[in-house]
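Let us walk through this predicted model.

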Amino acid sequence: MSGLWYEDVRHHYAIVAVTEIRHVPRRRCRAPCSSNDRSRCCAVALPHHLVPASCTRRTIMNSVPIGSVSAHLHERHDAVLDKLITFLRLPSVSTDPAYAQGMADTRAFLVDWLKGIGLADVRLLDGGGQPAVYGAWLGAPGAPTVIVYGHYDVQPPDPLKLWKTPPFEPTIRDGRLYARGASDVKGATTIAIETVAGFLAVQGRCPVNIKLFIEGEEETGSPSLREIVQRHGDLLQADGMISADGGRASSALPTINLGTRGLSELELVVRTARKEVHSGDYGGAVRNALHELAAIIASIHGDDGALVLPGFVDTAQPLSERDRCDLAAFPFDEAGFVADIGGISAGEQGYTMRERLTLRPAIDVNGMWGGYTGAGSKTVIPNEARAKISIRLAPGQDTDQAERLFKDHVLRVARPGVKVHFRSLAPGSRAFSLAADHPLAQAGKTVLRTITGREPLHVRLGATVPITTVFKEMLGLDTLMFGLNLPDEDVHAPNEFFHVSSIALGLQAWSLLLQELARFAPADFR
């Protein structure tokens, strides 16, 4: 949980500090209190200079007006955690048809949830793929209308044998909630929904108009998102969007996300013969599809790990001085970053690692296979080999042009007679950027400044949130990524988890954010 300290100034209450509770020695409270009070004394790990000698957790919470949204959310912490655990038990893997029932069950769960908190017009928005779940509260005339975004689909849990506990049986260990989708992004999605629920439960209204949009295909590149917008564009009209996806860059420093890289995903297929053959009969005489694919893949990067596709990096927008200053302000241990995973450093020279991770392009093989991969041996020469490729795009790069440059390079380096085919795995998404002075960014920075007492640092994500680009292109909406997940949470990997302490912090931050956005007029967003 997080400690909350409120300052009473003529019934105006503002959070002036929120820090994570740790196991710290109790300090005796000097004020008279009952034994029940005393059992809760000094359980709040606030900075030393902010904790009055007479404070207790109860007196802190008693300084909040009865019925306030903050107090309500604080008291509901465990109920919110229980809701998240129920959400995590639902196996909502969008990419694998074997999980179709899990996806349907999750949609039904979300529909009941949104109706239960008092949203209107709750429905499924279908675009020919996995439907999104929608619900709205539009009772704040004259206030901005904000789309609150999350996604209910998760990555496949494979390889299952590497999980310490089953991926869809949520388990709490050492303050961490382990489950597939806990960090990406059911944790923050739950916080966003429950914050809206808190306003409706306590005040009967929200500070701004709300349209909840919970996507079901984010983990597969949002293939039907554009069709959803095409069919339901009138319903999705708004002034801006807050995303529960796109997490924190640090647990120690306040950061505001101002952009993401883009993404294109392809499957590369190489064929060298009509059929696979015996390696004793044909070894040394014919091309091996795996060898040819490996040669193609190896030609993408130089020895230092930098991309060497002709013209590819030239299409990226040059880094500005502001870009470099913002990135340099964020403390980043390059050696430690690599050492944490036991990795080997590589990449484009002339840029810091943080610059390469967020503002420069990257091409990676996500999977590569062919021939025999079962138990024991099978001495064959494969005639076909495949690789799944992700292309992370820097600002300024166009998805179609990037894919064309990649394909041209592959076709150019493939040896004579080798047949190459490409298959698009999802619609591409360009990089997204939010202006630092946009009302969404201003509101987010005000909230973080209020909570932490520190000026938030501008950061970007190396990952991709496709809806940011789609909604910008099709609806003219900018997005503030205000997620709660942290870099250490093993997103997409076995033993993914979410810090339980992020729930209290998130409920406070999201409630403050909605109130802060109400200070702006709809026209300010344009």
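Begin with Ser-222. This residue sits in the loop that links strand 8 (209-215) to helix 7 (225-232). Helices (H or I, at least four residues) and strands (E, at least two) are DSSP runs, numbered from the N terminus. Ser-222 is buried, at 4% relative accessible area; buried means under 20%, exposed over 50%, partly exposed in between (1.4 Å probe, protein chains only). Beyond its neighbours within four places in sequence, Ser-222 is in contact with Glu-215, Glu-217, Pro-427 and Pro-466. Contact here means heavy atoms within 4.5 Å.

Residues are numbered from 1 along each chain as its sequence is written. Local features need pLDDT of at least 70, side-chain atom pairs count only at pLDDT 80 or more, totals for chains, interfaces and linings use all residues, and side-chain values use heavy atoms, with hydrogens and water left out.

Now the interior. Nonpolar side chains tend to be buried together in soluble globular proteins. The largest nonpolar core has 92 residues, and Phe-213 and Phe-471 touch the most other members. Such a core is a set of buried Ala, Val, Leu, Ile, Met, Phe, Trp, Tyr and Cys residues joined through side-chain atoms within 4.5 Å. Helix 6 (residues 182-202) gives this core its largest share, 10 residues. Another core lies apart from it, with 23 residues, including Leu-266 and Val-420.

Finally, the whole chain. The protein chain has 16 helices and 20 strands. Of its 526 residues, 53% count as buried.
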